[in-house]
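Me: I would like to learn how to read a protein model step by step, beginning with the chain as a whole and ending with single residues. Could you take me through one?

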Amino acid sequence: MRSFSRRDFIKSSLLCGIGASVLSCQSNLRTTRQTDTRYIAAYDTESSDCLAACRKIVKVHRQFEMPATFFILGRTLDANPTAYRELLDDPLFEIATHTYSHRMLRDHQFCGSAIPLDEKRKEIFEGKASVERVFERPCIGLRPGCGFENALKGEPEVLKILHQAGIHYVSSLLWGPDYSLPALLREPFTYSEEGFPDIWELPGHGWHENLLKNHNQWGPRRLTLWPSPFPEAIANGYCKTPEDEFNVNKIFLDKAVESGKSFVSLIWHPWSLHKFDLNMKMLELTFAYVRHMGLQPCTYAQLYASVSDLNGS
Ligand SMILES: [Zn+2]
């Protein structure tokens, strides 16, 4: 049914050229195939190095007419509000919050202990307020720092704050079982069990790309499960080139389409992408492939609108 082959992709890439000339072939690539699976490019924007990186990222997005969601830390945004507004104030982009300063909303095996409840409130409210102040548009989504293996399940107090703040979706499920990687291709769900049927969880998938390159200087860690539910997605070692990273991405994109998932979104960080790949070649390769596969690009806000509408909420 899905008769895509790597040969086809390479052929298209060669014909079109990946990079500067790819735009001229986009309409051709777009009609190659069509799937119902959505694709979201998303960026956890969280350090002073992210601004220069975002300038390059945005260029690639405009070239490919590719939407994106930027989850931005309040303190990162407040350090350069005008520059971020000028760069990202575009209908192509959704701006959501990555909390105010990346502190933990629940205990995390690698990133540390949860902060007190009143501090969680500040992280959520001030993060959202920063986005709305700078961009003068509503911020409906939040991705907590680091994300968790079990999303915000069993955290009704945090969900209550999110509800009070007017957050409609969270993207907090960013790890596999037992804090393993990759994060599996999990589907959206609501927090009905915690008493918040109107708040959606819209997970992220795959590797935290910074860890694929040892950019956190963690060295070897017990990050993978045994037996692995997704062994083909576990690379033999750190990525060395943009092509290595693209080849990892491709495994998730292919699997999402093959297994009929509603969406796929990889966990990317501007600072780390830029440190590894100054020219953002990996983005070009990935977006060309997304177009070739006929994935439906959108933002997290658009995915939220779709799933909440289908659910009648
Ligand atoms: Zn982060």
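Reply: Let us begin with what a contact is: two residues are in contact if their C-beta atoms, placed from the backbone, lie within 7 Å. In this model, which is predicted, residues 24 or more positions apart account for 81% of the contacts in the protein chain with a separation of 6 or more.

Me: What does the secondary structure of the protein chain come to, and what percentage of its residues count as buried?

Reply: The chain holds 12 helices and 12 strands. A residue is called buried if 20 or more other C-beta atoms lie within 10 Å of its own, and 45% of the 313 residues count as such.

Me: How should I read the packing of two helices, for instance α6 and α7?

Reply: One looks at the angle between the axes, where a value under 35 degrees counts as roughly parallel. Helix α6 (residues 117-135) and helix α7 (residues 156-165) pack at an angle of about 30°, and their axes are 10 Å apart. That angle makes α6 roughly parallel to α7, and the crossing of the two is right-handed.

Me: Which residues of α6 and α7 meet, and of what class are they?

Reply: From α6 come L117, K120, R121, I124, F125 and K128, which meet E157, V158, I161, L162 and A165 of α7. By class, this contact has 7 nonpolar and 4 charged residues, with no polar ones.

Me: Which residues of α7 are buried, and where do they fall around the axis of the helix?

Reply: V158, I161 and L162 are buried in α7. Seen down the axis of α7, the buried residues fall within an arc of 100°, so they line one face of the helix. Their packing partners are α6 together with the strands β5 (141-142), β6 (169-170) and β8 (196-201). Just after α7, the backbone at G166 takes a positive phi of about 85°.

Me: How far apart are D107 and F148, in sequence and in space?

Reply: D107 and F148 are 41 residues apart in sequence, while their C-alpha atoms are 8.5 Å apart in space.

Key. Residues numbered from 1 in each chain as written. Predicted model: local features only at pLDDT ≥ 70, side-chain atom pairs only at ≥ 80, totals over all residues. Axes fitted to C-alpha atoms, helices over the stretch in contact; angles between N-to-C directions. Helix = DSSP H or I, 4+ residues; strand = E, 2+ residues; numbered from the N terminus. Parallel < 35°, antiparallel > 145°, perpendicular 65-115°, else oblique. Left-handed = near helix turned anticlockwise from the far one by under 90°. Nonpolar A, V, L, I, M, F, W, Y, C, P; charged D, E, K, R; others polar. Buried ≥ 20, exposed ≤ 12 C-beta atoms within 10 Å, placed from the backbone. Arc of directions from axis to C-beta.
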